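Here is a walk through one protein chain, from its overall make-up down to single side chains. Keep the structure open while you read.

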Amino acid sequence: MVKISVGGYDDGEGSSNRNHKRRRDDEDEDEEEEQQRRQSFEMVDPPIGTQEHEDHPSSDSGSNDRDRSISVFVSDPDVFDCCICYEPLNAPVFQCENGHIACSNCCARLRNKCPMCLMPIGYNRCRAIEKVLESIKMSCLNAQYGCKEMFSYSRKNDHEKECIYLPCLCPHTGCEFVASSKELSLHFSHRHVGSGTQFIYDKFFTIFLNTDQKSIVLQDKNDANLFIIHNNHELLGNIVHISCIGPKSMAGFHYDVLARSRGSTLILQSSTKIIQGQFGDAPSKGFLLIPSGFFGSGQLKLDIRIKSHH
């Protein structure tokens with residue numbers, strides 16, 4: 001196994017210049033970013049080179065010569081990002097006369113003028129970087145949670161959006177178990193029996209909510225998906241909405257919430273937000289504001305129906 005450190009030297013130019021790195025929008029992503037910086041890449045030979053060895057196998061080699069991949073440790077994966085838009089580079093990649101590189105979209109957007117040295121860019125391909133990008137196969141950051149996908153670096157962002165193994169945090173108070181949504185459902189069913197309310201899709205069920213109760217966990221009896229009823233106490237009343245725990249690619253569920261008090265009925269028809277266990281503030285839309293008067297003796301009866309995807 002060969003270990004190669006990439007990005008250890010920085011001359012102040014090019015995509016590895018930290019002065020040009022994008023700022024992270026959320027400081028809570030530091031841990032994920034550190035994981036990304038330790039990402040392992042597999043370098044494989046281009047198809048032509050592989051074909052060469054298929055046609056002329058070595059007689060004194062004990063292993064298959066077609067497998068000439070090496071394991072690469074990349075300390076700064078951002079070197080494979082466009083230094084202008086910070087998205088993963090994808091062929092065609094262009095360079096100016098001073099060697100600065102950019103993706104084709106940025107070249108056109110900047111009218112073929114390099115933002116670092118103002119030299120023309122967008123006419124000369126950077127074949128070396130393109131060959132490196134073609135050779136890279138990387139594993140998913142969620143490999144420890146079960147994802148076995150290998151993909152090119154240019155597909156990194158697309159895969160992260162659709163990966164079904166995105167880690168989710170157990171909604172049970174005090175539990176720090178983290179796993180994919182499928183494993184999390186099994187964990188909750190076995191380790192927290194009786195702590196959640198079970199229901200069946202497309203049928204109304206009743207729950208009782210206290211004024212100061214932050215959340216209630218729901219779990220479907222069939223597919224075991226986990227849902228959270230959020231309850232935020234505000235000046236005018238309580239804000240209630242429902243989320244579903246799962247990967248970002250998961251489709252939301254439509255639901256109905258009915259609150260009744262002394263002949264009056266409040267109805268909310270909305271769709272769940274998909275979350276991974278980070279239960280933040282109330283949303284700006286898609287919630288039911290229940291006036292304080294509905295909480296008779298500090299408790300409110302809610303009739304809820306979560307609709308299946310069928």
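Of the 310 residues in the protein chain, 39% are buried. Bear in mind that this is a predicted model. The chain carries six helices and 20 strands. Among its contacts with a separation of 6 or more, 57% are between residues 24 or more positions apart.

**The annotated stretch and the sheet around it**

Let's start with residues 82-117, where UniProt, in an unreviewed entry, places the feature "domain: RING-type". That annotation may be inferred rather than shown by experiment. In the model, this stretch is 17% helix and 17% strand, and its end C-alpha atoms sit 16 Å apart.

There's an open sheet to look at here, with three strands in the order β5-β4-β6 and antiparallel pairing. Which strands stand at the edges? They are β5 (101-103) and β6 (124-125); each has a single partner strand, so one side of each is left without a neighbour in the sheet. Strand β4 (residues 93-95) is joined to β5 by three bridges, and the two run antiparallel. If you want a residue pair to find this by, V93 stands opposite C103 in β5. Helix α4 (residues 127-135) packs on the sheet and touches β4, β5 and β6, with its direction at about 150 degrees to that of β4.

**Cysteines without a bond**

How many disulfides does the model have? The count comes to zero. Take C82: the nearest cysteine sulfur is that of C103, 3.8 Å away, and C82 is in no disulfide. The cut-off for a disulfide is 2.5 Å between the sulfur atoms. C83 has its closest cysteine sulfur in C82, but at 5.3 Å that is too far for a bond. Both cysteines are tucked in: C82 is buried with a relative accessible area of 1%, and C83 is buried too, at 9%.

**Around H187**

Further along, H187 lies in helix α6 (residues 181-191). Is H187 buried or exposed? At 10% relative accessibility it counts as buried, because the limit for that is under 20%. Leaving aside residues up to four places away in sequence, H187 touches C170, C175, F177 and H192.

**Aromatic rings**

Now for the rings. The model has six aromatic pairs.

| Pair | Geometry | Centre to centre | Angle between planes |
|---|---|---|---|
| F199 and Y201 | edge-to-face | 5.6 Å | 80 degrees |
| Y201 and F227 | edge-to-face | 6.3 Å | 80 degrees |

The Y201 and F227 pair links distant parts of the chain, 26 residues apart. Y201 is in the loop between β11 (197-199) and β12 (205-210), while F227 belongs to strand β14 (residues 226-233). As for burial, F199 has a relative accessible area of 2% and is buried, Y201 counts as buried at 11%, and F227 is buried at 0%.

Which strand pairs with β12 over six bridges? That would be strand β20 (residues 299-306), and the pairing is antiparallel. Within it, L209 has L300 of β20 as its bridge partner. Strand β16 (residues 254-261) also goes with β20; five bridges join them, and they run antiparallel. Here the bridge partner of Y255 is I306 in β20.

Y255 turns up again in the surroundings of S270. That serine sits in strand β17 (residues 264-271) and is buried, with a relative accessible area of 15%. Not counting residues up to four places away in sequence, S270 touches F253, H254, Y255 and G286.

Notes
Residues are numbered from 1 along each chain as its sequence is written. This is a predicted model: local features need pLDDT of at least 70, side-chain atom pairs count only at pLDDT 80 or more; totals for chains, interfaces and linings use all residues. Side-chain values use heavy atoms; hydrogens and water are left out. Helices (H or I, at least four residues) and strands (E, at least two) are DSSP runs, numbered from the N terminus. Rings of Phe, Tyr and Trp (its six-membered ring) pair if their centres lie within 6.5 Å; planes under 30 degrees apart count as stacked, over 60 as edge-to-face and the rest as tilted. Buried means under 20% relative accessible area, exposed over 50%, partly exposed in between (1.4 Å probe, protein chains only). Contact means heavy atoms within 4.5 Å. Two strands pair if DSSP finds at least two bridges between them. Axes are lines fitted to C-alpha atoms, for helices over the stretch in contact, and angles run from 0 to 180 degrees between N-to-C directions.
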